[in-house]
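Good morning, and thank you for coming. Please look at the structure on the screen while I go through a few of its residues.

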Amino acid sequence: DVTRGVPSCILKIDSITANMEGVWTFTIQREVTEGRPRTLTESVDIEIVMVEMPSEVYLKYDGKEFRENSEKNLNLQIGLSTLQCIAEGGSPEPKMNLFVGQKNMSDEGRTCRGPVRDSQCVQFEVNVGTELSKES
């Protein structure tokens, strides 16, 4: 094939299963008949990772769950608050990030027990002072 004037080859994988993960070697051969006949061979190693999106991602605060189609605003009280970011399912394991106002708190979380077997939970302790409440 020719893509934008450059000879090219596109590898399309329609579907994979978890047992197909790993490094695969793909080899392309082309017979050249013009001039001196020869075979051109090119190999490339590709790491295949199966990605599955989590079935649910939500925030839990004060016993209440905040999901995508529910209430969008979370009002924290001034003082120390505990928030949990929960993802159910997903592969590879989802990475949780939390921003409070303009502050990235992602590195301050610690692992907690999720509500179901295949869930990931990260708990954050947020100390809301008057200066943070003015920023949000």
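Leu98 touches Leu83, Cys85, Lys103, Asn104, Met105, Ser106, Phe124 and Val126, leaving out residues up to four places away in sequence; contact here means heavy atoms within 4.5 Å. This is a predicted model, in which local features need pLDDT of at least 70, side-chain atom pairs count only at pLDDT 80 or more, and totals for chains, interfaces and linings use all residues. Residues are numbered from 1 along each chain as its sequence is written, and side-chain values use heavy atoms, with hydrogens and water left out.

Leu98 also belongs to the largest nonpolar core, which has 14 residues. Such a core is a set of buried Ala, Val, Leu, Ile, Met, Phe, Trp, Tyr and Cys residues joined through side-chain atoms within 4.5 Å, where buried means under 20% relative accessible area (1.4 Å probe, protein chains only). Together with Leu98, the residues with the most contacts inside this core are Leu83, Cys85, Phe124 and Val126. Strands S5 (56-61), S7 (79-88) and S11 each give two or more residues to this core; strands are DSSP runs of E, at least two residues, numbered from the N terminus. The largest share, four residues, comes from S11.

Let us turn to Ser119, which lies in strand S11 (residues 119-128). Is Ser119 buried or exposed? Ser119 is buried, with a relative accessible area of 12%. The side chain of Ser119 reaches the backbone oxygen of Val116 at 2.7 Å. Beyond its neighbours within four places in sequence, Ser119 is in contact with Ile86, Ala87, Glu88, Gly89 and Gly114.

How values were computed. Buried means under 20% relative accessible area, exposed over 50%, partly exposed in between (1.4 Å probe, protein chains only). A polar contact is a pair of N or O atoms within 3.5 Å; within protein, one must be able to donate a hydrogen and the other to accept it, and residues adjacent in sequence count only if both atoms are side-chain atoms.
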